[in-house]
Structures are given as C-alpha cells and as structure tokens.
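Subject: Structure handover

Hello,

Please find the structure below. My notes on what was found in it follow.

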Amino acid sequence: MKKFLLTLIMVAVCASSAFAIFDKYTINREQLPDNAREMLDKYFPKAKVGMIKIDKHLLKKTDYDVKLVNGTKIEFSNAGKWTSVDCGSSALPDGLVPNTIAKYITKNFPSVKTVSIKKKTTSYEIGLSDGVLLKFSLLGQFKEVISIGN
C-alpha cells in the first residue's frame, strides 16, 4: 500500500511539473510571431515590453500575453493576431477600433474614451472609460450594452 501511494504521489508530481513547462515568460519581442510584432510597431511604436507570457497548451495552440511597461495588456493568437487589447484608463490607439465602431462611439458616447477591445469569433466587445461594455458585430453594427460600470 505504501509503495502504491508513493508511486501515485510521484506520478502526480511529474504530471504537474510537465504542465508547468508549457508556460514561458520573456521580454524578447523576437519570440512573438511577425503579425504580433507588426501590430506592436504600428499601434505602440514607443512602448516598451514589460513581459511576454507564452502559453503552450496540450490541446490548444500557443498564444501570447504581452504586458507593456505602461500597463497595456495585449493578447495574441498563435498566428500573432491580436484578440484583446486593454489600455486600462488610457485610450486605445487610433485605428485599432474598426471605423464604424469608432464613429458609433463618438456619436453616442462623446465624453468617454475607448479603453479596451476584445475580438471574439462573432463580435467585438468594447470597453469605455466610464465602465460601459458594448457589443458589436464583426461588421461594426451595434448589438447591445453588455454591462454598465462605475
């Protein structure tokens, strides 16, 4: 019985350490896919990278979580396409939000900044500086207010 328990513990330790090696941390931009580096150069040309977490999954492809020194968080897919950008309380860079969505926000929420964007399979989720979270179709059509913060 003791031998069985010891073997079981060893298997559990080995399995947990095997999963731990899938995440890697770095600040080297060169480890990002080309598309991710191009996006950073275009929208955050002067920002310094604070940390890059490379997530490697068994059943899912690798993805990348980038945190800039200014606090901005960007998630990239395995192909280097951004999936979400969160600038905290700062405005997203011009051009990152699709034009139709940017126009809608300017018209209907003139006194707030767009601070986050998440691209999902069928929609965009847009976060505003007043805590409101909006949902748009991929074509930029307003769908709904998801939540109202602050």
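Ring pairs join Tyr-104, Phe-136 and Phe-142 into a cluster. This is a predicted model, in which local features need pLDDT of at least 70 and side-chain atom pairs count only at pLDDT 80 or more, while totals for chains, interfaces and linings use all residues. Residues are numbered from 1 along each chain as its sequence is written, and side-chain values use heavy atoms, with hydrogens and water left out.

Aromatic rings

Rings of Phe, Tyr and Trp (its six-membered ring) pair if their centres lie within 6.5 Å; planes under 30 degrees apart count as stacked, over 60 as edge-to-face and the rest as tilted. By this rule there are 3 aromatic pairs. One of them is Tyr-104 with Phe-142, which is stacked because the ring centres are 4.9 Å apart and the planes are at 10°. Since Tyr-104 belongs to helix H3 (residues 99–108) and Phe-142 to strand S9 (residues 142–147), this pair ties together parts that are 38 residues apart in sequence. Helices (H or I, at least four residues) and strands (E, at least two) are DSSP runs, numbered from the N terminus. Phe-136 and Phe-142 make an edge-to-face pair, with centres 5.7 Å apart and planes at 75°.

For burial, the cut-offs on relative accessible area are under 20% for buried, over 50% for exposed and partly exposed in between (1.4 Å probe, protein chains only). Phe-136 is buried at 0%, whereas Tyr-104 is partly exposed at 25% and Phe-142 is partly exposed at 32%.

Strands

Two strands pair if DSSP finds at least two bridges between them. Strand S6 (residues 114–119) pairs in the antiparallel sense with strand S5 (residues 82–86) over 3 bridges; Ser-116 in S6 is the bridge partner of Asp-86. S6 also pairs with strand S7 (residues 123–128), again in the antiparallel sense, over 5 bridges. There, Ile-117 has Ile-126 in S7 as its bridge partner.

Asp-63

Asp-63 is located in strand S3 (residues 63–68). Is Asp-63 buried or exposed? Its relative accessibility is 16%, so Asp-63 counts as buried. Neighbours within four places in sequence aside, Asp-63 is in contact (heavy atoms within 4.5 Å) with Lys-53, Ile-54, Asp-55, His-57, Phe-76, Ser-77 and Asn-78.

Regards
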